[in-house]
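Here are my notes on the model you sent over. Have the structure open while you go through the points.

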Amino acid sequence: MCRKEDPSVYEQKDAHLARTLRVRDFLALGVGTIVSTAIFTLPGAVAAAHAGPAVALSFLGAAVVSGLVAFAYAEMSSAMPFAGSAYSWINVIFGEFFGWLAGWALLAEYFIAVAFVGSGFSANLQGLLSPLGFKLPTFLAKSLGAKGGFIDIISAVVIIAVALLLSRGMKEAARVENVLVIAKVLAVILFLVVGATAIKVQNYVPFIPKYHVNPDGSAFGGWQGIYAGVSMIFLAYIGFDSIAANSAEARDPQKTMPRGILGSLAIGVVLFVSVSLVLVGMFKYTDYANNAEPVGWALRQSGHAVIGSIVQAVIVLGMFTALIGMTMAGSRLIYSFGRDLLLPKWLGKLNKNNLPNHALLVLTIMAVIVGAIFPFDQLSQLISAGTLVAFMFVTLGIYGLRQREKKDIKNEGFKMPLYPVLPFLGFAGSLVVFLGISTEAKIYAAGWFLIGIIIYFLYGMKHSYLNKEKEDSQNGTE
């Protein structure tokens, strides 16, 4: 369980992955993933359910914790630019079992995040087309978990379409990503400019509503509501993990990875806080309850129907960028499991173009299934639960990394500042946010980890590459 992988082995295993991605590609990948469904849905949902106008403070709180973790990610990906991000790093630093747990936690993130963005894409596209008279039957418009639903067909189709694009290669996907990210950021800026003209100061009063308990037992108002909002919002900033997962395909990773991770997070924070402030200023926060496309709705209700349609059309197209980023990262994680034989070897095989399309196929199927079962509003905190566990592993991993940087790991790139204080603060912040997620999300997370532990002991531990190395060494000695 504690046997550790030699970092030079990962360098050899990932050498066949073409290093084609530059800083601008990682910035597009990060911004495209961070500035995704969440920026157009969560500000309204969190304001209505927990924080009121103080939703901006929830975004800032989540940003502080994410920033601390992003520093750790920047150092890890600079020192060990391997496919699989946290899984591979923790495998090297703490050992195979702990690496598996970190990777298994991230796998939940990618399965659910792809489905979450697909659901957001569907909700916004249906909102955009409904004024034109387009309406799907309920059983094709909603997931099985929603009343009257069977499958969200639009979500399933768009997830499959992104997988087909990625199956053709990274360069084509990067070109699409770069163009759509620019368009999406411009759409966000257009919303901010037009929305600012409809702001009513009274909608900000009181900025922090009085605390009370919601019917479901969660907090609303006060610092308790802001804290509840942080836990719900945290998923908005996790896109930088998708950058790290592709570090094996980065040019000059010691420079490109830190710039891509920290730069994309900084851009995302500014846009998130700005959108949340404008949105709650346009209408009373209670108006956004149970609204899956509040940005388009707010523009239409304030008399900017044409602008609303333009912004929402770009939003829908821009959601492709988040799907591209999450699908790329998830497929690389599954590939790394197969590469190390913790899951069937078939998943770690590449096609003739050196692409992990077997892993891509599995991720796509699972995301479609998850999206078909879970309603849109149940997915957000489930993503945060697994991701936060992986973040705690990575921040603690900095201590192990520093002890080995002068031995078998060379890091000539980025170093996390204020060591050893910031890694601890990153761990503590992630733990505090994890404690704030819903009991339901924690239960789902516990069930997911139980499944992962069973798989490791029944399959992974016996079949792993490290186990085979040990057996071969013993046989050779004999």
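1. Let's start with a loop. Asparagine 214 sits in the loop between strand S1 (212-213) and strand S2 (219-220); helices (H or I, at least four residues) and strands (E, at least two) are DSSP runs, numbered from the N terminus. At 15% relative accessibility, asparagine 214 is classed as buried, where buried means under 20% relative accessible area, exposed over 50%, and partly exposed in between (1.4 Å probe, protein chains only). Setting aside neighbours within four places in sequence, asparagine 214 contacts Ala49, His50, Ala219 and Phe220, a contact being heavy atoms within 4.5 Å.

2. A word on what you're looking at. This is a predicted model, where local features need pLDDT of at least 70, side-chain atom pairs count only at pLDDT 80 or more, and totals for chains, interfaces and linings use all residues. Residues are numbered from 1 along each chain as its sequence is written, and side-chain values use heavy atoms, with hydrogens and water left out.

3. On confidence: pLDDT is the predictor's confidence in each residue, from 0 to 100. The protein chain averages 83, and 92% of the residues score at least 70. Confidence is highest in helix H17 (residues 421-435), at a mean of 92, and lowest in helix H19 (residues 465-477), at 61. Where pLDDT is low, the predicted coordinates should not be read in detail.

4. Now have a look at alanine 86, in helix H5 (residues 86-93). Its relative accessible area is 0%, so alanine 86 is buried. Not counting residues up to four places away in sequence, alanine 86 touches Tyr73, Ala102, Leu106 and Val394. Alanine 329 is 243 residues away from alanine 86 along the chain, yet their C-alpha atoms are separated by 11 Å.

5. How does H5 run relative to helix H6 (residues 96-129)? Their axes come within 7 Å and cross at roughly 165 degrees, which means H5 is roughly antiparallel to H6. Axes here are lines fitted to C-alpha atoms, for helices over the stretch in contact, and angles run from 0 to 180 degrees between N-to-C directions. Angles under 35 degrees count as roughly parallel, over 145 as roughly antiparallel, 65 to 115 as roughly perpendicular and the rest as oblique. On the H5 side, Ala86, Tyr87, Ile90 and Asn91 meet Glu96, Phe98, Gly99, Trp100, Ala102, Gly103 and Leu106 of H6. By class, the residues of this H5 and H6 contact are seven nonpolar, three polar and one charged. For the classes, Ala, Val, Leu, Ile, Met, Phe, Trp, Tyr, Cys and Pro count as nonpolar, Asp, Glu, Lys and Arg as charged, and the others, Gly among them, as polar.

6. H5 also meets helix H4 (residues 55-79): the two axes come within 11 Å and cross at roughly 75 degrees, so H4 is roughly perpendicular to H5. Tyr73, Met76 and Ser77 of H4 and Ala86, Trp89 and Ile93 of H5 make the contact. The contact of H4 with H5 has five nonpolar residues, one polar and no charged ones.

7. Another helix pair to check is H13 (residues 294-301) with H14 (residues 305-339), whose axes come within 7 Å and cross at roughly 165 degrees. H13 is therefore roughly antiparallel to H14. Val295, Gly296, Leu299 and Arg300 of H13 meet Ala305, Ile307, Gly308, Val311, Gln312 and Ile315 of H14. The residues of the H13 and H14 contact divide into six nonpolar, three polar and one charged.

8. Which peptide bonds are cis? One joins valine 205 and proline 206, with omega about -10 degrees, and proline 206 is in the loop between helix H9 (170-196) and S1. Another runs from tyrosine 419 to proline 420, with omega near 10 degrees; proline 420 is in the loop between helix H16 (380-404) and H17.

9. Two backbone angles to look at. Aspartate 252 is not a glycine, but has a positive phi of about 45 degrees; aspartate 252 lies in the loop between helix H11 (240-244) and helix H12 (253-282) and is partly exposed, at 40% relative accessible area. Leucine 341, also not a glycine, has a positive phi near 65 degrees. Leucine 341 is in the loop between H14 and helix H15 (357-373) and counts as buried, at 14% relative accessibility.
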